Amino acid sequence: MFPFLRIGPFLVQMPGLALLAGLWVSTTLIEKEALHLKLKPAAILNMIFYGLFGGLIGARLIYAVQHLSIYLSNPLSLFSLNTSTLDPGGGIIVGAIITYLFGRRQNLPLRPTLDALAPGLAVFMIAVGVANILSGNAYGSPTHLPWAIPLWGEYRHPTQVYETVAAMAIFILWKTTSTESPGSGLGFLQVVAFSASARIFLEAFREDSSIWPGGFREAQVIGLIILAVTIYLTKTWGNAALATSH
Amino acid sequence: MKFQTNISPLNSNRLITILTMMLILGAVWTVVSRVPEPSSQQSGPPPNPKEGFTAPDFTLDLLDGGQLTLSELRGHPVVLNLWASWCLPCRSEMPAIERVHQRYKDEGLIVVGLNLTSQDSESDARAFVQELGLTFPIVLDRDGSVSVRYQLLGLPTTYFIDQSGIIRSVVVGGPMSEATIQSNVENLLQEK
């Protein structure tokens, strides 16, 4: 765990730095894949930028809506750099909508564009794992297994390492199979489906899960829904790819 | 737009078969790995200066005399702000913390200012409190043991602690805007 690096009077957040590095590698790979798929890399990178920026604004606005009276009396607080006043779920939804609308406006074809995004998503998931290793977030439940790590006062499952290794495996899998059906959208679906599967399996070893009634872990239930949707899309898009290849 | 694809029914069907198996196994795993209902005798999370854990306990002298023990504030949401008189962001955010204290104290909120006296001086801390007109309790960490226990990385640092003594949010650095403090406090009060 190495959450902060002090440089003079500044406190650098190492997990944030890992995510930024991940974003840089992701966009580089996306650019390369876009060229390979004969798409316009600039349009795709702009779409990512607008999606991220829109997601950030959306996360703050949705948080502000939840505390409307406070922000109406302090509107300048909307521009605060504090990350504790963001709504991550809302940010992801707003960012996804903006990304989709921007892509449509730029006439980017859906399935090839998603395939171009696939390596970036896979690499960014590795960066998320590394960021969690650095911050100690997404920590595991206590265990006496030989590979347990001391964290937050107990020996725990190294869930951050599990998720990083799983994300690396998913990236390698994408790398070895991405040439099978370029532009069909199946590469992207594969990354999403295996990431969801990894989350469903690994979430059980975490201590900090959000729990739904009945003791169900939120991330596992959402992972199952995502997995079911990707199976449906794999069938539909796989048939479409077969039809065009014959 | 068309691409040269090497896809075969086998590839597509194989992927669907693997994913379907994962879906079935995942559904079973989700049910098997459900979190059991906590028993009434189960203690809370261990003490750690992190969200989701119990705030490490301390008993410290108050600036105005007497002592304050954090665990005795259970039943109230607590804002614990670590500061020093020489810290400029601490000075900038303190008026907002005082206003939030005034606004929510009748709803049960307790604000505690923890001065890092080991890196400050009691007289400077007192002058700081008088200058800014702070009315919430100020405790003195004379030997620095509490800041060590809280693994302090920078000043100011603020912990938003719920009525069960569990840390719900940590803000490292500052100054915090009044909206940041207020919204975090309202989240705590909504859980009451």
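Tutor: What follows is a set of questions and answers on a predicted model.

Student: Let's start with helix 5 of chain A. Which residues does it cover, and how far apart are its ends?

Tutor: Helix 5 of chain A runs over residues 110-135, and its end C-alpha atoms are 35 Å apart. With 26 residues at 1.5 Å a residue, the span should be 38 Å, so the two values agree.

Student: Where is the kink in helix 5?

Tutor: At A:Leu117, shortly before the proline A:Pro119. The kink is about 35°.

Student: And what comes just after helix 5 of chain A?

Tutor: A:Gly136, which has a positive phi of about 80°.

Student: Which residues other than glycine have a positive phi?

Tutor: A:Lys38 is one of them, with phi near 60°. A:Trp152 also has a positive value, near 55°.

Student: Where does A:Lys38 sit, and is A:Lys38 buried or exposed?

Tutor: A:Lys38 is in the loop between helix 1 (14-36) and helix 2 (41-66) of chain A. Its relative accessible area is 68%. Exposed means over 50%, so A:Lys38 is exposed.

Student: What about A:Trp152, buried or exposed?

Tutor: A:Trp152 is buried, because its relative accessible area of 10% is under the 20% cut-off. Its place is the loop between strand 3 (149-151) and strand 4 (154-156) of chain A.

Student: Changing topic. How many cavities of 30 Å³ or more are there in the whole structure?

Tutor: A search finds one. The largest cavity holds about 80 Å³ of space.

Student: What lines the largest cavity?

Tutor: Residues of chain B, including B:Leu70, B:Arg74, B:His76 and B:Asp162. By class, the lining has five nonpolar, three polar and three charged residues.

Student: Staying in chain B, where is B:Glu72?

Tutor: In the loop between strand 2 (67-69) and strand 3 (78-83) of chain B. B:Glu72 is exposed, with a relative accessible area of 64%.

Student: How far is B:Glu72 from B:Arg126?

Tutor: They are 54 residues apart in sequence and 24 Å apart in space, C-alpha to C-alpha.

Student: Last topic. Which peptide bonds are cis?

Tutor: One of them goes from B:Leu155 to B:Pro156, with omega near -10°. B:Pro156 is in the loop between helix 4 (145-149) and strand 6 (157-161) of chain B. The bond from B:Gly174 to B:Pro175 is also cis, with omega near 5°. B:Pro175 is in the loop between strand 7 (167-172) and helix 5 (178-191) of chain B.

Terms used: Residues numbered from 1 in each chain as written. Chains lettered and ligands numbered in written order. Predicted model: local features only at pLDDT ≥ 70, side-chain atom pairs only at ≥ 80, totals over all residues. Heavy atoms only, no water. Helix = DSSP H or I, 4+ residues; strand = E, 2+ residues; numbered from the N terminus. Expected span 1.5 Å × (residues − 1). Bend = angle between axes of the 7 residues up to and from the residue. 1 Å grid on protein atoms, 1.4 Å probe; cavity = no way out; pocket = protein on both sides within 12 Å on 5 of 7 lines; lining within 4 Å. Points joined across faces, edges and corners; volume = space filled by probe spheres on them. Nonpolar A, V, L, I, M, F, W, Y, C, P; charged D, E, K, R; others polar. Buried < 20%, exposed > 50% of the residue type's maximum accessible area, 1.4 Å probe, protein only.
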